[in-house]
Amino acid sequence: MLNFQNLKKSEIKKYKSYYTDPKAVGLEYNFVSAYLWAREYDIKVAFFDDTLIKAYFRDNGSVWGYCLPSGKNVKGAAEAIFADARKKNEPVCFGYLSQRERETLESLFPDRFEFERSDSTQDYIYFSDSLAYLAGKKYHSKRNHISKFYRTYDNAEVKSITPENIGDALTVVELWCEENGIDRKTYAEYSIISDALENLREFEMRGIILYVDQKPIAMTLGSEISPICFDVNFEKALTAYDGSYAVINNEFAKRLTSYTYINREEDLGLEGLRKSKLSYHPAIIYDRYDGVAKW
C-alpha cells in the first residue's frame, strides 16, 4: 500500500527535484504553491521506485484525485495507484492533468480512461512583456486605466516585499477582507498568505506592495515555476482605489521581464475572474483534464 504523507516545508526542494523541466509553464511544477495550499486541499505525497505521487484527499481519508506521477517509473507508480485503490475499494481518478500529462496517461494505458476537460482549473499564461508594456490597441483601455490611477494618486509608490515590510502586505489582505465583508479569521487564504510571507526568503518568493499616501493598498506575491515562467500566487487590491488591480499587475510584470511567461493561475469557474483574465489576452490557456479509470 502506498504511504501518503503530508507535505513538509523542509522537503520542498526534494519534491521539486522530480519536476525539473526547464521549459515548464504549468502550475503542477510549483511545489511552493502545493505546500502553501496543502492543508486547505489536503494534498499529500507518496513515493514509489524513485517516483513522486501527489494526491488530493477527502475529509474521510479517501482520495478524490491523483496527479500524474513524476520521476523514474511513471507507469509503475500509476500501477501502484491502481493496486492501492483496489485495496481500498476506491475508484481511480487522475485530476488536474495538463494536455501533455493526459497524452502520457493515454499512451501508457490505452483505452483505460475517460477524460473530461475542466472548465475551472486551466492556467492563464501570458507573455511577460505583454503585461509589462501593454503595447498595442488591444491594451489601450488598460493603459488608460493605469494612467488615470497615477493622475489621481500622484503620490503612489511601489516597493518590493522584504522581511521588513511583510506586515504592510498582510495589512492589504486584512483591508481587502474588510472591503469584501470577509472574516479573515475563517478565511483560509489569509493564513496561507501569512505563511508565504513569513517564509518569503526560504521559499524564494518575490512580490511588491502598492502604496498611496504611504498606506498599503495592493500587494502581489509569487514564485518561480521554471527559468522561463513565474507564477503569481496571490494578488489583492482595494477597489476603493480605482485602477489598483491594473497597476499592481503591471508593476509586478515590469519586474518579471527576465521570464518569458507569467502564469496567473486559474479562474476558479468564476465568470468575472474569467473575463478579467481574458481581457489581458493570454498567450496560452493551459487546459486541464480529469481522467477516470473505466476498470
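**Helix packing and local details**

Colleague: How do α2 and α8 run, roughly parallel or roughly antiparallel to each other?

Modeller: α2 and α8 are roughly antiparallel to each other. For these labels, an angle under 35 degrees is roughly parallel, over 145 roughly antiparallel, 65 to 115 roughly perpendicular, and anything else oblique. Helices (H or I, at least four residues) and strands (E, at least two) are DSSP runs, numbered from the N terminus.

Colleague: Before we go on, what is this based on?

Modeller: This is a predicted model, where local features need pLDDT of at least 70, side-chain atom pairs count only at pLDDT 80 or more, and totals for chains, interfaces and linings use all residues. Residues are numbered from 1 along each chain as its sequence is written, and side-chain values use heavy atoms, with hydrogens and water left out.

Colleague: Fine. What angle and axis distance do you get for α2 and α8?

Modeller: Helix α2, residues 31-41, packs against α8 at about 150°, and the axes are 10 Å apart. Axes are lines fitted to C-alpha atoms, for helices over the stretch in contact, and angles run from 0 to 180 degrees between N-to-C directions.

Colleague: Left-handed or right-handed crossing?

Modeller: The crossing of α2 and α8 is right-handed. That label applies if the near helix is turned clockwise from the far one by less than a right angle, while anticlockwise is left-handed.

Colleague: Which residues make the contact?

Modeller: From α2 they are Y35, L36, W37, R39 and E40, and from α8 they are A188, E189, I192, D195 and A196. Contact means heavy atoms within 4.5 Å. By class, six residues in the contact of α2 with α8 are nonpolar, none polar and four charged. Ala, Val, Leu, Ile, Met, Phe, Trp, Tyr, Cys and Pro count as nonpolar, Asp, Glu, Lys and Arg as charged, and the others, Gly among them, as polar.

Colleague: And Y190, where is that?

Modeller: Y190 sits in helix α8, residues 188-198. Y190 counts as buried because its relative accessibility is 11%, where buried means under 20% relative accessible area, exposed over 50%, and partly exposed in between (1.4 Å probe, protein chains only). Neighbours within four places in sequence aside, Y190 is in contact with L170, V173, E174 and R184.

Colleague: Switching topic. How many disulfides?

Modeller: Zero disulfides turn up in a search of the whole structure; a disulfide is a pair of cysteine sulfur atoms within 2.5 Å.

Colleague: Which residues have a positive phi without being glycine?

Modeller: D50, with phi of about 55°, is one of them, and Y96, with phi near 60°, is another. Most residues other than glycine have a negative phi. D50 lies in the loop between β2 (43-47) and β3 (51-57) and is partly exposed at 46%. Y96 lies in strand β6, residues 93-98, and is buried at 17%.

Colleague: Last one, α9. Why call it largely enclosed?

Modeller: Nine of the 11 residues of α9, residues 244-254, are buried, so the rest of the structure largely encloses this helix. Among the buried residues are V247, I248 and F252.

Colleague: And N249 in there, what is it in contact with?

Modeller: N249 of α9 is buried at 4% relative accessible area. Leaving aside neighbours within four places in sequence, N249 is in contact with L131, E235, R264 and Y280.
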